[in-house]
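Have a look at the fold first, and then read on.

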Amino acid sequence: MFEYVFIVGLGAAIGSVIRYIATILLNRLFANHLIPVSTIIINVTGSFILGWLTNNLSNSHFAFILMSSIIGGYTTFSTYMNETVQLYRSNKIHALSYYLSTVVLGVLAATLGFYF
Amino acid sequence: MRKAIFIFIFAFIGGAVRGLLSYLNVVNIFVTIALINILGSFLLAFITGLSTKSMKIPSDVLVAISTGLIGGFTTFSTFSVQFINLLEHHEIGLAFTYLIFSLGLGLISAVIGYDAGCKFLNKKEAK
């Protein structure tokens, strides 16, 4: 149990730092967009990679546990929800587009990764 | 660089708590991940509500808690892969129940969290 918890924590730490750096870089590319494109890209790419890992690596394998932990920390559900709420305060249509496009693209990416 | 180190440490804690809850897996893994995501959505929106107005949260602390602790605690990729895993096993009803439950309650908890964060501040100001 201790080992598993430690690896998930370590993976989340690595993944979250990658998310932090990716957000800074992506925000430069997608400045002034109507919806948070950076978070969409992070959650969609993470879903693709985790979909691939799930179908291509044994889930008891050390590499799978570490890599899926990194992806688990890289993607974020809380920011997705929080940004939807913040967007809703300024523009309801943008909030709805963001809310729906993230889940649709995320599930599509996970499916593509799974069968890739 | 200093922020990245704070995020690393706090995300380790957030991720380890998620790992522990997944390992203990009291009801089942779908309920566990959904509850983690719903709780995390509430907490992040609460912190956002707190920090929007006059409450000065130092940016290092804010990024450590929001990007690190809560960002590492919640996960979108596990949610989307669990959804297609259910579809793969022809559990279509369960898959959509999981999706709607996570997204619906996640959003509601973020709305309540943000509101609570803003009001928490007003109460303190009123004193």
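Which helices each supply at least two residues of the lining of the largest pocket? They are α1, α2 and α3 (62-74) of chain A, together with α1 (2-24), α2 and α4 (77-88) of chain B. Helices here are DSSP runs of H or I with at least four residues, numbered from the N terminus.

Before going further, please note that this is a predicted model, in which local features need pLDDT of at least 70 and side-chain atom pairs count only at pLDDT 80 or more, while totals for chains, interfaces and linings use all residues. Residues are numbered from 1 along each chain as its sequence is written, chains are lettered from A and ligands numbered from 1 in the order in which they are written, and side-chain values use heavy atoms, with hydrogens and water left out.

**Pockets**

A pocket is an open set of points on a 1 Å grid over the protein atoms alone, where a 1.4 Å probe fits and protein lies on both sides within 12 Å along at least five of seven lines; lining residues have an atom within 4 Å of a point. A volume is the space filled by probe spheres set on the points.

| Pocket | Volume |
|---|---|
| Largest | about 610 Å³ |

The largest pocket is lined by 23 residues, and Y4(A), F64(A), S68(A), I29(B) and T78(B) are the closest to its centre. Helix α3(A) gives the largest share of this lining, five residues.

For the second largest pocket, the largest share, also five residues, comes from α1(A). Its lining has 10 nonpolar, 12 polar and two charged residues. In this classing, Ala, Val, Leu, Ile, Met, Phe, Trp, Tyr, Cys and Pro are nonpolar, Asp, Glu, Lys and Arg are charged, and the others, Gly among them, are polar.

**Helix packing**

In chain B, the axes of α2 (residues 29-52) and α3 (residues 59-73) come within 9 Å and cross at roughly 170°. That makes α2(B) roughly antiparallel to α3(B), a label for angles over 145 degrees. Contact (heavy atoms within 4.5 Å) involves residues including I36(B) and L39(B) of α2(B) and L62(B) and F73(B) of α3(B). By class, the residues of this contact are nine nonpolar, three polar and no charged.

In chain A, α1 (residues 2-29) and α2 (residues 37-56) pack at about 135°, with axes 9 Å apart. Helices α1(A) and α2(A) are therefore oblique to each other. Their contact includes R19(A) of α1(A) and I41(A) of α2(A), and its residues divide into four nonpolar, three polar and one charged.

Note on methods. Axes fitted to C-alpha atoms, helices over the stretch in contact; angles between N-to-C directions. Parallel < 35°, antiparallel > 145°, perpendicular 65-115°, else oblique.
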